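Subject: Structure handover

Hello,

Here is the structure for your files. Notes on what turned up in it follow below.

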Amino acid sequence: MTVFNLAIELAYWQQTVIRSILGLVAVLLPAGTLVYLYLFKMMSFMQSRLGPMEAGPYGSLQLLAEVGKFLQKEDLFPRAADRVVFKAAPFVVLASTFLLVLVLPAGPDAWFINIDTGVFLALAVSSISVIGILMAGWGSASKYSLIGGLRAAGQLVAYELPLVLAVMGVVIQAGTLNVQEIVLAQANGEIFGWGGIGNPFIITQFLGFMIFLVAIQAELTQPPFDMPVAESEIVTGYLTEYTGMRFLLFFIGEFATAGIFSALAATFFLGGWYIPGLDPTSNLFNLIGPLVLVGKMLLVSFLIFWFRFTYPRFREDQLQQLAWKVLVPLSLVNIVATGVLKVVF
Amino acid sequence: MALLIYQRETGLKTMSEFLRNWLTVLIFGGVGILLVSVFLGLGSLLRPSRDTPQKRINYESGVDPQGDMWSQANIRYYVFALMFVLFDVEAVFIFPWAARLEVYGLFGLVEMFIFIFILALGLLYAWRKRLLRWV
């Protein structure tokens with residue numbers, strides 16, 4: 001396929017401009033897709049209603065209408081608020097999302113960055129959003145916001161650990177922290193000498209995958225882990241004092257992060273941009289890799305949203321206990337077991 | 001056009017390639033901030049601004065807010081934050097080991113088990129001290 005060898009050498013600034021544009025697409029498009037497909041439509045069907053139907057065919061332009069609505073809303077902030085912190089909070093949350101998308105590879109040569117500490121970077125920048133949420137909670141100078149912000153921080157740090165420790169099993173198996181090489185390790189892997197479908201780590205790291213799924217659900221503060229924004233107790237938690245566009249930006253951040261976390265789960269456990277039966281070094285994957293990755297991302301996020309619509313909310317104490325008493329010990333056991341198996345075999 | 005981003009890997013990774021990757025990280029942080037600015041700027045062109053003192057009162061279930069907004073919070077969050085630091089530092093140490101386990105072999109395995117065991121004792125201690133219970 002010579003056509004793809006058009007991939008000529010570009011200057012760094014040209015690459016960066018293209019990457020920035022693709023990064024914007026990679027952040028905003030999955031967020032919009034998830035909200036329309038799952039939050040609007042799937043939830044409606046699960047609750048025996050139609051969901052948005054007016055804006056565009058089957059309500060497909062509803063999101064644009066929502067953005068238009070939020071753009072026209074008055075921008076208010078409380079008199080008592082710490083203005084700088086209050087205004088800076090959405091910037092921090094969105095910047096964290098944009099840093100997170102960087103590590104995702106979408107093909108053998110299609111990546112934003114290709115560094116040897118990719119997994120590390122992803123897990124590090126994913127916790128920056130905690131700071132943004134704490135800033136929102138503290139800066140609003142409202143009691144509901146403060147409680148919500150602290151709950152969110154407590155929850156996010158508690159589930160950060162299972163998230164990090166669950167990935168450790170993948171790192172042990174692949175023997176690298178480079179996300180691209182983790183994908184290749186799954187593509188070239190073998191299951192007891194049979195390499196027909198490679199070795200997607202969901203098979204050997206099933207426990208890790210489950211822990212990772214629960215942890216990202218909690219990291220996204222999605223139900224059943226939505227204590228920080230529990231409307232029956234603390235209005236909307238750290239978002240209480242936010243209006244209009246700033247309010248919407250937090251939601252864009254949340255759903256964009258949902259998409260990226262799902263894509264990360266797909267990359268770590270489902271083989272990323274690779275589909276079995278093809279040569280992983282083939283140039284074809286630069287073209288279809290992004291589509292494969294999006295498909296797998298939609299699969300994982302379907303699970304996330306399915307849980308979201310199915311289970312009732314945890315209590316705050318149950319939530320912390322699940323993290324510390326179940327998930328952290330389980331993921332430590334997973335690391336030990338994976339280590340032993342890796343050395344023995 | 002999108003295909004142009006697919007740059008072939010050519011030869012050894014050079015130092016400048018390494019630095020450029022990290023420069024891209026910085027630039028992406030900037031793109032995130034730019035996006036928020038664009039959205040807020042667009043909003044400031046479209047939205048009305050009719051400010052009244054009443055609109056600037058904190059929401060407290062519809063009544064006038066009472067007392068200091070920045071009140072004291074539950075100490076338990078502090079305990080959990082401390083435990084988080086403990087285990088997050090553990091994770092920082094395990095990652096390089098996990099990536100190189102094949103090289104270290106049995107020696108590295110036993111070494112890391114001792115490390116994980118000591119930290120698990122810490123978790124067990126907190127558990128026994130009933131710090132993990134919320135109430």
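Phe255(A) is buried, with a relative accessible area of 4%. Please keep in mind that this is a predicted model. Phe251(A), by contrast, is partly exposed, at a relative accessible area of 29%. Both residues belong to helix α11 (residues 244-269) of chain A, and because they are four residues apart there, about one helical turn separates them.

A search of the whole structure gives 24 aromatic pairs over all chains. One of them joins Phe251(A) and Phe255(A): the ring centres are 6.4 Å apart with 20° between the planes, and the pair is stacked.

Helix α12 (residues 284-310) of chain A holds Phe305(A) and Phe309(A), again four residues apart, or about one turn of the helix. Their ring centres lie 6.1 Å apart and their planes meet at 55°, so this pair is tilted. Phe305(A) and Phe309(A) are both buried.

Phe70(A) has lysines over its ring: the charged end of Lys69(A) sits 4.8 Å from the ring centre, and Lys73(A) lies over the face at 5.7 Å from the centre.

On chain B, the secondary structure consists of three helices and zero strands, in the order α-α-α along the sequence. Chain B has 135 residues, of which 32% count as buried. Its accessible surface is about 9000 Å², with 68% belonging to carbon and sulfur atoms. Of the contacts in chain B between residues at least 6 apart in sequence, 47% join residues at least 24 apart.

Regards

Terms used: Residues are numbered from 1 along each chain as its sequence is written. Chains are lettered from A and ligands numbered from 1 in the order in which they are written. This is a predicted model: local features need pLDDT of at least 70, side-chain atom pairs count only at pLDDT 80 or more; totals for chains, interfaces and linings use all residues. Side-chain values use heavy atoms; hydrogens and water are left out. Helices (H or I, at least four residues) and strands (E, at least two) are DSSP runs, numbered from the N terminus. Buried means under 20% relative accessible area, exposed over 50%, partly exposed in between (1.4 Å probe, protein chains only). Contact means heavy atoms within 4.5 Å. Accessible areas come from the Shrake-Rupley method with a 1.4 Å probe; for residues, only the protein chains shown count as cover. Rings of Phe, Tyr and Trp (its six-membered ring) pair if their centres lie within 6.5 Å; planes under 30 degrees apart count as stacked, over 60 as edge-to-face and the rest as tilted. A charge sits over a ring if NZ of Lys or CZ of Arg is within 6 Å of the ring centre and within 35 degrees of the ring normal.
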